[in-house]
Amino acid sequence: MVSLTEENYLKALLSLSADKGEVGINELSRHLGIKMPTANSMMKKLSEKNLVHYVSYKPLRLTEKGRREAALIVRKHRLTEMFLVEKMGFGWEQVHEIAEQVEHIHSNDFFEKMDELLGFPKFDPHGSPIPDKNGKMEWVSYEALAACEKGATVKLAAVLNAGDDFLKYLNSRELKLGVKLKILSIEPFDKSMVVAYGKRPQEVLSALVCERLLVSR
């Protein structure tokens, strides 16, 4: 059985290696806020369990077994977030820390029942894909609102870097998944946007916010 600490390492490796399939030990250490020798020691341990491809001074890669294990941890986290929002009435800004604790429960039946009660959702409350029970994840290609042109009408599909402060900001602007936004203008100097949606005829969104909002056409 994989320990809680090992699960956190695997989840971090999956996240950090998403683009290139590998990640350096330095980046992993910084991400987890740990010292290099500690990270190296854990990588050797995970390598012995056939969860990580580890060679000194080389980038780290998850094995197929390790990738599946990591994806199943992510599945438990995102299912929990969805359950807290859909069945218990939590706000999407309240669920991350609770899910961080629940994801380490090792009962498959518990999460399969949760999935069933939710109606087998494909995405979590922040628009991120939920891996299936085999650890397979259905990726959907969205674009950042910042990449869209004036006059376009798009639908908010997901958010990046969904920290509590950012989600509270979105709440204050009545921005939630599924809302349709029409881009009225784009400021040439700082790339901020004026958009219309819902009952808001003109709302200014900074470039930083626009980069974190993922939309579909």
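The turns below set values from the structure against the cut-offs behind the words.

Student: What is the overall make-up of the chain?

Tutor: This is a predicted model. The chain has eight helices and eight strands, and its C-alpha trace spans about 60 × 40 × 25 Å along the principal axes. Of its 217 residues, 42% count as buried. Among contacts between residues at least 6 apart in sequence, 60% join residues at least 24 apart.

Student: Why is Thr80 called buried?

Tutor: Buried means under 20% relative accessible area. Thr80 has 4% relative accessibility, so Thr80 counts as buried. Thr80 lies in helix α4, residues 64–86. Leaving aside neighbours within four places in sequence, Thr80 is in contact with Ala99, Val102, Phe111 and Met114.

Student: Which residues of α2 and α3 meet, and of what classes are they?

Tutor: From α2 there are Ile25, Asn26, Leu28 and Ser29, and from α3 there are Met36, Ala39, Asn40 and Met43. The residues of this contact divide into five nonpolar, three polar and no charged.

Student: How do you know that α1 is roughly perpendicular to α4?

Tutor: The axes of α1 and α4 cross at roughly 100° and come within 9 Å. The range for roughly perpendicular is 65 to 115 degrees, so the term applies to α1 and α4. On the α1 side, Glu7, Leu10, Lys11 and Leu14 take part. They meet residues of α4 including Gly66, Arg67, Glu69 and Ile73. By class, this contact has six nonpolar, two polar and five charged residues.

Student: Why do β3 and β7 stand at the edges?

Tutor: The open sheet has six strands in the order β3-β8-β4-β5-β6-β7, with antiparallel pairing. β3 (143–144) and β7 each have a single partner strand, so one side of each is left without a neighbour in the sheet.

Student: How do you know that β4 and β5 are paired?

Tutor: Pairing requires at least two bridges. Three bridges join β4 (residues 153–159) to β5 (residues 180–186), therefore the pair qualifies. The two strands run antiparallel, and Val154 has Leu181 in β5 as its bridge partner.

Student: What makes β6 and β7 a pair, and what lies between them?

Tutor: Four bridges link β6 (residues 193–197) with β7 (residues 200–205), in the antiparallel sense. The requirement is at least two bridges, so β6 and β7 count as paired. Val195 stands opposite Glu203 in β7. β6 and β7 form a hairpin with two residues between them, and Gly198 in the turn has a positive phi of about 50°.

Definitions and conventions
Residues numbered from 1 in each chain as written. Predicted model: local features only at pLDDT ≥ 70, side-chain atom pairs only at ≥ 80, totals over all residues. Heavy atoms only, no water. Buried < 20%, exposed > 50% of the residue type's maximum accessible area, 1.4 Å probe, protein only. Contact = heavy atoms within 4.5 Å. Nonpolar A, V, L, I, M, F, W, Y, C, P; charged D, E, K, R; others polar. Axes fitted to C-alpha atoms, helices over the stretch in contact; angles between N-to-C directions. Parallel < 35°, antiparallel > 145°, perpendicular 65-115°, else oblique.
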